[in-house]
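User: Hey, can you walk me through this model? I've got some quick questions about it.

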Amino acid sequence: MSVENSSTSVSVAEGQSKNAMKPKYSRFSQQELHAWQPILTPSWAISIFTVIGLIFIPVGLASLFASESVVEVPFRYDDECLPPDHKNDAVAYIKDVGSNKTCTKKLTVKNKMKAPVYVYYQLDNFYQNHRRYVKSRDDKQLRSKAAENDVGSCSPEDYTPNDMGHKPIVPCGLIAWSLFNDTYKLTSNNKDLVINKKNIAWKSDQSGKFGSDVYPKNFQAGGLIGGARLNESLPLSEQEDLIVWMRTAALPTFRKLYGKIETDIEVNDVVLVIENNYNTYEFGGRKSIVLSTTTWVGGRNNFLGMAYILIGGISLLLAAAFLLLYVMQPRPLGDPSYLSWNKNPGSLR
C-alpha cells in the first residue's frame with residue numbers, strides 16, 4: 001500500500017514539474033498568428049518586376065540629373081605648391097619650420113556656383129581606417145573633464161615627455177595629433193570669399209562625444225608635431241575642425257568639410273591662397289581642395305542614380321522574359337485550394 005502511494009505521489013510530482021516547465025500559451029509562442037502566404041503566379045511576378053522597373057528608372061534618372069547639375073571645382077595642390085628647388089626634397093621642405101609655405105594659385109570657375117558653396121579638403125593614400133590609428137583615442141577623455149587622465153589606448157601620444165613633467169595630453173591619441181592643418185583663403189573680383197567654419201560638424205558628435213567642459217591641455221607639446229594646434233581657451237565641443245577630423249574615414253581617399261561659403265561664386269577666376277603645412281609627402285599622399293555645390297541628393301555622386309537605373313532595367317528585362325516565356329510556353333497552374341493551409345486551415349494550430 002505504501003509503495004502504491006509513493007509511486008502515485010512521484011507521478012503527481014512529475015506531472016506538476018512538467019506543468020511548471022510548460023510555457024504560457026500564446027498564439028505568438030505557438031506560431032498561430034495569421035500569416036500572409038502569397039502564391040507568386042506568373043502574372044504576379046511579371047507585375048511586380050514591371051512596377052519595380054517603372055519606379056526605379058525614373059528615380060535613377062532624377063538622381064543622375066541632380067548629380068550632374070552639381071558644380072564641382074577640384075584642385076590638387078601638393079605638387080603645385082612645392083617650390084621648384086624643393087621638388088626632390090619635399091619631405092625636408094615640409095618639415096622645415098622656417099620655410100615659406102604660402103602658395104597662391106588660380107581656380108577657374110566655369111559655371112556659377114550658388115550658395116552655399118562647400119569647401120572640402122581631400123586626402124589620397126591616407127589610411128585613417130588602420131586599426132592602430134582608429135583605436136588611438138579615448139572617448140571618455142573627450143567627453144568628460146573628470147576622465148582627462150584616461151589615456152590607456154592613446155600611446156604614443158598619451159603623455160608629454162618626462163622632461164616636460166609627464167602630463168596627460170588632451171585630446172590624446174594619433175587621430176587628434178595628426179589633425180589636418182592646411183589653411184585656405186579665396187578671393188574673387190578682389191573680394192574675399194569668407195569661409196564660415198561654424199556648423200560643419202555633426203550636432204550629435206558635438207553634444208554627445210565631445211565635452212563642453214573639456215579643454216585642450218599639453219596638445220602638440222612634444223618634440224614631434226603632428227598637425228594643427230588647438231585653441232586652449234575653447235572646449236572640444238566647439239573645436240569643429242577637430243570633431244570633423246576625428247570622424248575617421250573608411251577608405252584611403254576621402255573628403256572632409258573645411259567650411260562653407262555663403263555667397264554665390266560667379267563665373268570667373270578665383271584666387272586661392274594656401275598655407276601648405278600638412279605633411280603628405282612622407283607617405284606618398286596627395287592633397288586637394290574641392291569647391292562644390294549640393295542638390296537634394298547631396299554632392300556629385302553618379303553611383304546612386306546608375307544603381308537605380310540598373311536595377312530598374314534588370315527588373316524590366318526579367319518582366320519581359322517572364323512574359324515571353326509565359327506566352328510561348330504556358331504552363332497550367334495547380335489548384336491553390338489543395339495547398340495544406342487552404343485545405344485544412346487548422347492544421348497549423
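User: What should I know before I start reading numbers?

Analyst: This is a predicted model, so to speak for reading with cut-offs: local features need pLDDT of at least 70, side-chain atom pairs count only at pLDDT 80 or more, and totals for chains, interfaces and linings use all residues. Residues are numbered from 1 along each chain as its sequence is written, and side-chain values use heavy atoms, with hydrogens and water left out.

User: OK. Which residues does UniProt list as "transmembrane region"?

Analyst: The unreviewed UniProt entry lists 44-66 and 307-328. Positions are in the numbering used here, feature names are shortened, and such annotations may be inferred rather than shown by experiment.

User: What about helix H9, how far does it reach?

Analyst: H9 covers residues 302-328, and its 27 residues reach 39 Å from first C-alpha to last, close to the 39 Å expected at 1.5 Å a residue. That expected span is 1.5 Å times one less than the number of residues.

User: And H2?

Analyst: H2 also has 27 residues and reaches 39 Å between its first and last C-alpha, close to the expected 39 Å.

User: Which residues of H9 are buried?

Analyst: Gly305, Gly312, Ser315 and Ala319. Buried means under 20% relative accessible area, exposed means over 50%, and partly exposed is in between, using a 1.4 Å probe and protein chains only. What covers those H9 residues includes helix H2 (42-68).

User: Which ones are buried in H2, and what covers them?

Analyst: In H2, the buried residues are Ala45, Ile46, Gly53, Gly60, Ser63, Ala66 and Ser67. Their cover includes H9.

User: What caps the N-terminal end of H9?

Analyst: Asn301 does, with a side-chain oxygen 3.1 Å from the backbone nitrogen of Phe303. A polar contact is a pair of N or O atoms within 3.5 Å; within protein, one must be able to donate a hydrogen and the other to accept it, and residues adjacent in sequence count only if both atoms are side-chain atoms.

User: Switching topic: which residues lie nearest the centre of the largest pocket?

Analyst: Trp177, Ile225, Gly226, Gly227 and Asn279, out of 28 lining residues. Helices H3 (90-95), H4 (131-135) and H6 (174-177) are the elements that give two or more residues to that lining.

User: Next, Asp150: where is it?

Analyst: Asp150 is in the loop between helix H5 (139-143) and H6. It counts as partly exposed because its relative accessibility is 31%. Leaving aside neighbours within four places in sequence, Asp150 is in contact (heavy atoms within 4.5 Å) with Asp138, Lys140, Gln141 and Cys172.

User: Is Ser188 buried or exposed?

Analyst: Ser188 counts as buried because its relative accessibility is 8%. Ser188 lies in strand S4 (residues 183-188). Beyond neighbours within four places in sequence, Ser188 is in contact with Leu193, Asn268, Asp269 and Val270.

Technical notes. Helix = DSSP H or I, 4+ residues; strand = E, 2+ residues; numbered from the N terminus. 1 Å grid on protein atoms, 1.4 Å probe; cavity = no way out; pocket = protein on both sides within 12 Å on 5 of 7 lines; lining within 4 Å.
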